[in-house]
Amino acid sequence: NAGGALIGEPDAYDDDEIEGVVRTNFIGPYMLLRRVWPLMRAQRFGRIVNVMSSAVLGAGQLAPYAAGKAGLLGLTHDVAFDGRPHNILVNGIFPTGASRLTDGSQADLAQWYRTHFQPEKVSALVAYLCSERLEFSGEIFNVGGGRVARLAIFDNDGMFDPAITPEGIAANISAIRDLSRPTMIPTLWTQTERYFAHLPWSGGQASLF
């Protein structure tokens with residue numbers, strides 16, 4: 001749950017300052033996960049909730065912070081695979097809640113946060129994601145102010161051309177970018193399967209999955 005940010009354009013800070021933010025927001029949580037993992041594996045039970053941020057989606061002036069939190073997104077998706085055989089379920093949240101940081105915002109925004117986004121409205125989801133009743137892993141949720149919603153990655157059918165060229169991409173860029181009929185891509189394997197319609201796999205299921 002540790003977090004900290006630098007505010008400015010991508011070149012506003014030196015290497016050490018940027019590394020410090022990434023270490024706080026990504027390396028720190030990863031090291032904690034590594035240390036609890038063998039204990040959870042031995043007892044065949046674990047629940048991990050990685051606290052990220054909607055800054056991952058882009059807001060401007062937050063590059064080191066967004067990059068660090070985005071690292072937790074990949075970590076959550078990947079270790080969910082490793083945890084399932086041991087009943088270690090790993091999920092993540094993009095929380096919105098009043099804090100000392102939001103108190104430093106402009107007055108009307110800070111008041112909006114204090115009025116509607118009490119921290120306990122985030123902790124309710126965290127408590128559920130840590131419970132024995134939980135049955136899923138590798139999922140991410142927006143949460144704040146009483147709203148809870150799953151957040152996911154999608155793609156579309158796009159285009160396929162074995163002789164692909166920049167010109168061909170330019171001619172089809174509208175179809176490539178069109179998300180009016182999206183398909184959710186929850187894992188790397190789902191993404192790989194999307195290619196099978198065009199490039200059939202012939203190596204056998206066991207060798208790929």
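Which residues form a nonpolar patch on the surface of this chain? The patch is made of Phe81, Leu188 and Trp189, and together these three have about 290 Å² of accessible area. Leu188 sits in helix α8, which covers residues 188–193. With a relative accessible area of 56%, Leu188 counts as exposed, because the cut-off for that word is over 50%. Keep in mind as you read that you are looking at a predicted model.

Let's step back and take in the whole chain. It contains nine helices and six strands. If you follow the C-alpha trace along its principal axes, it spans about 55 × 45 × 35 Å. The accessible surface comes to about 13,200 Å², and carbon and sulfur atoms account for 56% of that. Of the 209 residues, 29% count as buried. The fold also brings together residues from separate places in the sequence: among contacts between residues at least 6 apart, 61% join residues at least 24 apart.

Now let's go inside. In soluble globular proteins, nonpolar side chains tend to be buried together. In this model, the largest nonpolar core has 14 residues, and Trp37 and Ile48 are the ones with the most contacts inside it. Helix α1 (15–43), helix α2 (63–83) and strand β2 (88–95) each supply at least two residues of this core. There is also a second, separate core of 10 residues, with Val51, Ile93, Leu134 and Phe141 among them.

Strand β1, made of residues 46–51, pairs with β2 in the parallel sense over six bridges. Along this pairing, Val51 stands opposite Ile93 in β2. How many of the eight residues of β2 are buried? Seven of them are, so the strand is mostly covered, given that buried means under 20% relative accessible area.

Next, look at two loops. Arg44 is found in the loop between α1 and β1, and its phi is near 55 degrees, a positive value in a residue other than glycine. Asn87 is in the loop between α2 and β2. The phi of Asn87 is near 60 degrees, again a positive value in a residue other than glycine. Is Asn87 buried, partly exposed or exposed? Its relative accessible area is 29%, so Asn87 is partly exposed.

Gly8 counts as buried because its relative accessibility is 9%, which is under the 20% cut-off. Not counting residues up to four places away in sequence, Gly8 touches Tyr13, Gln61 and Leu62. For a sense of distance, compare Gly8 with Ile176: they are 168 residues apart along the chain, and their C-alpha atoms are separated by 32 Å.

Finally, let's turn to charged side chains. A search of the whole structure finds four salt bridges. One of them joins Asp103 and Arg114, whose closest N and O atoms are 3.3 Å apart. Asp103 lies in helix α3 (residues 100–103) and Arg114 in helix α4 (residues 107–116), so this pair ties together parts that are 11 residues apart in sequence. Both partners are partly exposed: Asp103 has a relative accessible area of 41%, and Arg114 has a relative accessibility of 40%.

Another salt bridge brings together the side chains of Asp155 and Arg194, at 3.1 Å from N to O. Because Asp155 lies in strand β5 (residues 154–155) and Arg194 in the loop between α8 and α9 (205–208), the pair ties together parts that are 39 residues apart in sequence. Arg194 is partly exposed, with a relative accessible area of 25%. The side chain of Arg194 also meets that of Asp157 in a salt bridge, at 3.3 Å from N to O. Asp157 itself is exposed, with a relative accessible area of 61%. Through the salt bridges that share partners, Asp155, Asp157 and Arg194 are joined into one network.

How values were computed:
Residues numbered from 1 in each chain as written. Predicted model: local features only at pLDDT ≥ 70, side-chain atom pairs only at ≥ 80, totals over all residues. Heavy atoms only, no water. Core = buried A, V, L, I, M, F, W, Y, C linked by side-chain atoms within 4.5 Å. Buried < 20%, exposed > 50% of the residue type's maximum accessible area, 1.4 Å probe, protein only. Helix = DSSP H or I, 4+ residues; strand = E, 2+ residues; numbered from the N terminus. Patch = residues over 30% accessible without salt bridge, like charges linked within 9 Å, V, L, I, M, F, W, Y side chains within 5 Å. Areas by Shrake-Rupley, 256 points an atom, 1.4 Å probe, with all protein chains shown as cover. Contact = heavy atoms within 4.5 Å. Pairing = 2+ DSSP bridges.
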